[in-house]
Amino acid sequence: ASRARAEKATRDRPLFDLEALIETLPVARDFAARLCREAGPRPRIIAGMNRSSPGTGFLRRTYRPRQIAMGYARVGAAALSVATEPEQYGGDLDHISEVRPAQLPVLRDDFLVTPYQVAQSRVAGADAVLLIAGLLPGAALGIMIKSARRYGVEALVELSGEDDLRRALDEGTASLAVNCRDPGTMMIDLATGARLSAKIPPGAIKVARGGISSRADVDCLSEAGYDALFIGGQLMRADDPADALWALMQPAG
C-alpha cells in the first residue's frame, strides 16, 4: 500500500520537481545532535504522534498535531515523531508541517520503501526518516540510506535483530533504533533492547522503541546504554500527552 501511494504521488508530482525544491530549502534541523548523551540530561525522548494503531484502533478521537507537539516541546521532548501512514495510523503527510512551530526536529514515521518518499519527506518538512530494516531487504536498505544523505535528512534505521544491525552498520548508519517489540508476535521484551544495545559500537546514536510505558521501562533502557527512547502509544492514550511525557521523564521515587 505504501508503494502504491508513492507511485501515485510520483505521477502527481515527479521526483525531479521535489529535487529542485530541495535545493532551495534551508538545512534540516540536526535530529541526531538532539539525541546524543551530551545534548542534555537523560532520558532524551522522541515523542510520538499517531491518531490510531492497528492493534487498538483509535487512540485519540480528537487529534490536533500542532497542539500535541507544542505540549511535548513545553515539557522537554528532544524530537517529534509524526506518523504519516493513513490507513492504519490515521496519519497524513501534512501533519509534519503542522508540528513545525514546536521548533523541534521532526522524524517521519511511515513504511518508507522508495527514494521518492525520502525526498517527499524532506519537502514536507521532516528532518529525519524512519527506515525499517525488515521492510528493506537486500540492497534496498542501502539505497534508502543513501537517499537520505542525498536529500539532507537523517536516517534512523529500525532494527529487530542482529542481522538488521549488521546490515545497517555495513551501510555506515550512525542512528539506530532497536524495536523491543517482536514483529512476529508483537510481544514486548526489554531484554532484547539490552542485548542489542551491547552490540552497537561506540559513537552510534542508540534509540529504543516499542512498548515503553513506565518509568521503570525508561530506567531499564537508559541503564542499558540508550541515548534516547521513542515513546508514542503510551502518550497518545493519555488525556494530556504532554503531562504523560512529563511524568515518564521524572526520576523514580
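Modeller: We can start with the overall fold and then look at some helices and a loop. Keep in mind that this is a predicted model.

Biologist: OK. How many helices and strands does the protein have?
Modeller: The secondary structure comes to 12 helices and 10 strands.

Biologist: What is its radius of gyration, and what would a compact globule have?
Modeller: The protein has 17 Å. A compact globule with 253 residues would be near 18 Å, so the two agree. Along the principal axes, the C-alpha trace spans about 55 × 40 × 35 Å.

Biologist: And what share of the residues is buried?
Modeller: Buried residues make up 52% of the 253. As for the surface, the protein exposes about 11,400 Å². Carbon and sulfur atoms supply 52% of that area.

Biologist: Which charges do the side chains carry?
Modeller: There are 31 positive and 31 negative side chains. The centres of the two sets lie 2 Å apart.

Biologist: Then on to helix 7. How far does it reach?
Modeller: Helix 7 covers residues 140-151, which is 12 residues. From first C-alpha to last it reaches 17 Å, close to the 16 Å expected.

Biologist: Which of its residues are buried?
Modeller: They are Leu 141, Gly 142, Met 144, Ile 145, Ser 147, Ala 148 and Tyr 151. Their cover includes helix 2 (15-22), strand 7 (154-159) and helix 8 (162-170).

Biologist: Why might residues a few places apart in a helix point the same way?
Modeller: An α-helix has 3.6 residues a turn, so residues three or four places apart point the same way.

Biologist: Which residue other than glycine has a positive phi?
Modeller: Gln 103 is one, with phi near 65 degrees. Most residues other than glycine have a negative phi.

Biologist: Where is Gln 103 found?
Modeller: In the loop between helix 5 (94-99) and strand 5 (106-109).

Biologist: Buried or exposed?
Modeller: Gln 103 counts as exposed, because its relative accessibility is 55% and the cut-off is over 50%.

Conventions. Residues are numbered from 1 along each chain as its sequence is written. This is a predicted model: local features need pLDDT of at least 70, side-chain atom pairs count only at pLDDT 80 or more; totals for chains, interfaces and linings use all residues. Side-chain values use heavy atoms; hydrogens and water are left out. Helices (H or I, at least four residues) and strands (E, at least two) are DSSP runs, numbered from the N terminus. Buried means under 20% relative accessible area, exposed over 50%, partly exposed in between (1.4 Å probe, protein chains only). The radius of gyration is taken over C-alpha atoms; the globule rule is 2.2 Å times the number of residues to the power 0.38. Accessible areas come from the Shrake-Rupley method with a 1.4 Å probe; for residues, only the protein chains shown count as cover. Lys and Arg count as positive and Asp and Glu as negative; His and the chain ends are not counted. The place of a charge is taken as NZ of Lys, CZ of Arg, CG of Asp or CD of Glu. The expected span of a helix is 1.5 Å times one less than its number of residues. Contact means heavy atoms within 4.5 Å.
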